[in-house]
Each structure stands twice: as C-alpha cells, then as structure tokens.
Amino acid sequence: MRQSRRSTFLGWVVATCLLTLHAVAAPAADQIKVERRNEVLALSWQDAEDTLQGVITPAEPRPGEPLRLTLSVGNIQGPPFEGGVTVAFSQDGVPGQVTRALKRDAVGWSTEFVPPEPGAWDLDVRFLTSRPKALHAKFTVSEPGVPLLVWRTLLGLVGMLVLVGVLRALTQREVPAESPGEAPEQGPTVPPASVPEVEPPPTPPVDQRADR
C-alpha cells in the first residue's frame, strides 16, 4: 500500500513538472510570433478560429524614422473578416502610448508609426470575431547608426588618398634622382707673366752757360 501511494505521488510530481515545463516552453496563446525575413519583420498568429498575418517594415526600426505596420486578419471558417482592428504601440512597461483604430483598405489594416526612442516596444492588436481577441507582439527599435552616405563619403576619401599616394610613388620612380653637382676640374694655376719695370730716362743736365 505504501509503495503504491509513493508511486502515485512520484507520478503526480513528474506529471506536474512536465506540464510546467511545457507551459514555460510553449508561447502564450495570445503571443504573436515575430520573425525577421529579409527586410521585414513577419508577424504570424493562429488559434482554432482566426488567423493573423502581418509585416513591419523596415526590419530594423530606428527612432525618429517611420515604420509601417500591415495586418491581415481572417477567419478559418466563415465569411472574410471585414471588421475594425485596433493597434497600440507602447514602450516596454508603458502601455497604451499610441492607440489607433484601423479600417480595412486595399492591402488590409495598415498604419505608420514613428518611435520616438530606441529600446523594446510592444504591439497590441485587438479585434472582434466570434469573441474579442487581444494579441501581443514585441519588437526592438535600434539605436541610430551611421548613415550610409557618411560611410560612402569616408570610403571615397580613403580611396582618393590611396590613389594620390600611389601616383606620387610612381612619379618619384620615373624621375631619376639628380646626382649632386661635381665641381669642374681646374687645370694647373698659371701665374701671370711678370712685366719688367721700365725705368724713366735720366733727366739731362741743365746747361748753365746758356743762361749767362
């Protein structure tokens, strides 16, 4: 009897643990699945009655830049869903910052939103079919990166500097280096020819007789 009770208790503990692990591992029934696919964030959800598909573009939302949300809601059985959809954008922990009621257009239910700050954001989607549905999704608004134009400008400047350096190196190789000037060879120094000094002629004596 004791062994039977002990086995029953152990079985109950194991079953409880398995159920708990399954509940933790499995996504919540109202949680929208978010996956990155190329340049968009793909949204998907389904229960026994309805389905929801959607996209958020771009795949990496930035603060101060508009993102676009497009949803498609449908019934698994019955006529197509034509009702209204309410969406709410809010930062994590600050519910209901921006709420909008959407009507169906040519592509579904769509709107634009400009996130003011980076961080984790919540998307809440509500609509009414056979009963009210309230779904939730999470996405991240990334810090603003360096604009692509700045990267292209920097790469262009680096390329120009490299090109100038290569051209300068080629020019220096083509022009031969000038050898230092050599002093011309000088022949033996010839002393100037000596000119003989010419003595002045003697002054003739004065004839004193003529004066007399």
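Colleague: Which residues does Leu 123 touch, not counting those up to four places away in sequence?
Modeller: Leu 123 touches Leu 43, Ile 56, Leu 69, Val 87, Ala 88, Phe 89, Leu 135, His 136, Ala 137 and Phe 139. Contact here means heavy atoms within 4.5 Å. This is a predicted model, where local features need pLDDT of at least 70, side-chain atom pairs count only at pLDDT 80 or more, and totals for chains, interfaces and linings use all residues. Residues are numbered from 1 along each chain as its sequence is written, and side-chain values use heavy atoms, with hydrogens and water left out.

Colleague: What is the largest nonpolar core made of?
Modeller: The largest nonpolar core has 25 residues, and Leu 123 and Val 125 have the most contacts inside it. Such a core is a set of buried Ala, Val, Leu, Ile, Met, Phe, Trp, Tyr and Cys residues joined through side-chain atoms within 4.5 Å. Elements giving two or more residues to this core include β2 (40–46), β8 (119–128) and β9 (132–141). Strands (E, at least two residues) and helices (H or I, at least four) are DSSP runs, numbered from the N terminus.

Colleague: How do you know that Gln 91 counts as buried?
Modeller: Buried means under 20% relative accessible area, exposed over 50%, and partly exposed in between (1.4 Å probe, protein chains only). Gln 91 has 17% relative accessibility, so Gln 91 counts as buried. Gln 91 sits in strand β5.

Colleague: What makes the pair Gln 91 and Glu 117 a polar contact?
Modeller: Their side chains are joined at 3.2 Å. A polar contact is a pair of N or O atoms within 3.5 Å; within protein, one must be able to donate a hydrogen and the other to accept it, and residues adjacent in sequence count only if both atoms are side-chain atoms.

Colleague: And why does Thr 111 count as buried?
Modeller: Thr 111 has 10% relative accessibility, so it counts as buried. Thr 111 is in strand β7, and its side chain makes a polar contact of 2.9 Å with the side chain of Arg 100.

Colleague: Why is Val 158 called partly exposed?
Modeller: Its relative accessible area is 49%, so Val 158 is partly exposed. Val 158 belongs to helix α2 (residues 148–174).

Colleague: What about Asn 38: buried or exposed?
Modeller: Asn 38 is exposed, because its relative accessible area is 68%. This residue lies in the loop between β1 (33–37) and β2.

Colleague: What is the phi of Asn 38?
Modeller: Asn 38 has a positive phi of about 55°, although it is not a glycine. Most residues other than glycine have a negative phi.
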